[in-house]
Amino acid sequence: MTSPFDLTGRTAVVTGASRGIGAGIATALAEAGADVVRVARSGADISADLATADGALDLVAQLDALGRPIDILINNAGIAERNPAEHHTIQQWDVTLAVDLTAPFLLARELGGRMLERGSGKIIFLGSMMTWQGGRNVVSYAAAKSGVAGVVHALANEWADRGVNVNALAPGYIETDLTSGAHTDPERRETFRQRIPAGRWGTPADLGGAAVFLSSAASDYVHGVVLPVDGGWLVR
Ligand SMILES: NC(=O)c1ccc[n+]([C@@H]2O[C@H](COP(=O)([O-])OP(=O)(O)OC[C@H]3O[C@@H](n4cnc5c(N)ncnc54)[C@H](OP(=O)(O)O)[C@@H]3O)[C@@H](O)[C@H]2O)c1
C-alpha cells in the first residue's frame, strides 16, 4: 500500500529555498518523492525577487512556462527588518509586508487558482511565533506574520470544499541566517535555549516532517491550521 505521506509524482515549488528553512523543506519534500522547484533571488532553480508584486507575478509566468501543474506551493521566502517601533521606517515596513505577506498571497491566488481548476492542491504559508506574539523591534514582521494567519484562514474557508488545502507552519527559533544575530551570540543563544522546552534551538530539518504532512494526502482533512514547530516555545 502507498504511504499517505508519499509525494511521488507531485511537483512542489518552494520559495526561499536557497538556504535556511526553505532548503530544509525542499530536501524533505524531495526525500518524500516530490519533484521540487527551488526559488530564490539567487542560488536556486528559478530566480525571482518577491519584494514586488511584479516579481511575484513574473515567478508565476516562469512556473507556467515549465508546462507542468504545480501541486504544492510552499510560501517560505521571508525577511525580517529589525528596528525599534518608534524608528521603524516606511521602507522597512513596505519591504517586509511585500515579501512576507503580499507575495505569498499573490502566489497563492495565482497558483491556487490553477489548483482550484484541477480540484486539488496544497498551499503552505510560513507563520512565526510572531503570528501570536509581538517580539521586540520587529513590528513590520509581526504585522506580516499575523496577517499570514488571516490569509490562511480566509483561503481555507473559501477553498476547503474545492480540493485545495491551505495551512501554515509556524517555526520557533531555528538556526538560520535570519536569526544569526541571536544564535551566534553565545549569551543570547543560551537565553533563548533556556526558554525552549525542547532544550535546543531548531534546525531547518526540524520543519521537514510537518511540511511533508501538510503537503501530502495525510492532511487532506486539515484546513486553516497554523502549526507550531517550535520545541514547545508557545506553551512555555
Ligand atoms: N529562522 C527562524 O527562526 C524562523 C522562525 C519563524 C519563521 N521563520 C520564517 O521561515 C521562513 C524562512 O526563514 P529562514 O530563517 O530560513 O530565512 P533565511 O535563512 O534568511 O532564508 C531566506 C530565504 O528567502 C529568500 N528570500 C529573501 N528575500 C527574498 C526576495 N526578495 N525574493 C525571493 N526570495 C527571497 C532567500 O534567498 P535570496 O536571499 O537568495 O533571495 C532565502 O532563500 C521565513 O518566512 C521566515 O519568516 C523563520
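Start with who touches whom in this predicted model: among contacts in the chain between residues at least 6 apart in sequence, 73% join residues at least 24 apart. As for burial, 44% of the chain's 236 residues count as buried. The overall dimensions tell a matching story. A compact globule of 236 residues would have a radius of gyration near 18 Å, and the chain's 17 Å agrees with that.

Now for the parts list. You'll find seven helices and seven strands, and if you walk along the sequence they come in the pattern β-α-β-β-α-β-α-β-α-β-α-α-α-β.

The strands come together in a sheet. Seven of them line up as an open sheet, in the order β3-β2-β1-β4-β5-β6-β7, with parallel pairing. The edges belong to β3 (46–47) and β7, each of which pairs on one side only. As a bit of background, strands of a sheet pair through backbone hydrogen bonds, either parallel or antiparallel.

Let's zoom in on one pair. Strand β1 (residues 11–15) runs parallel to β2, and the two are joined over five bridges.

Next, a helix. Helix α4 covers residues 139–159, which makes 21 residues, and it reaches 30 Å from its first C-alpha to its last, close to the 30 Å expected at 1.5 Å a residue. Which of its residues are buried? They are V139, S140, Y141, A142, A144, K145, V148, V151, V152, L155 and W159.

Last stop: the ligand. It is surrounded by 30 residues, and the closest are G16, G20, R41, G78 and T176. Among the elements, helix α1 (residues 20–31) gives the most to this shell, with three residues. Sorted by class, the shell around the ligand holds 14 nonpolar, 12 polar and four charged residues.

Terms used: Residues are numbered from 1 along each chain as its sequence is written. This is a predicted model: local features need pLDDT of at least 70, side-chain atom pairs count only at pLDDT 80 or more; totals for chains, interfaces and linings use all residues. Helices (H or I, at least four residues) and strands (E, at least two) are DSSP runs, numbered from the N terminus. The expected span of a helix is 1.5 Å times one less than its number of residues. A residue is buried if 20 or more other C-beta atoms lie within 10 Å of its own, exposed if 12 or fewer, and partly exposed in between; C-beta atoms are placed from the backbone. A residue is near a molecule or strand if its C-beta atom, placed from the backbone, lies within 6 Å of it. Ala, Val, Leu, Ile, Met, Phe, Trp, Tyr, Cys and Pro count as nonpolar, Asp, Glu, Lys and Arg as charged, and the others, Gly among them, as polar. The radius of gyration is taken over C-alpha atoms; the globule rule is 2.2 Å times the number of residues to the power 0.38. Two residues are in contact if their C-beta atoms, placed from the backbone, lie within 7 Å. Two strands pair if DSSP finds at least two bridges between them.
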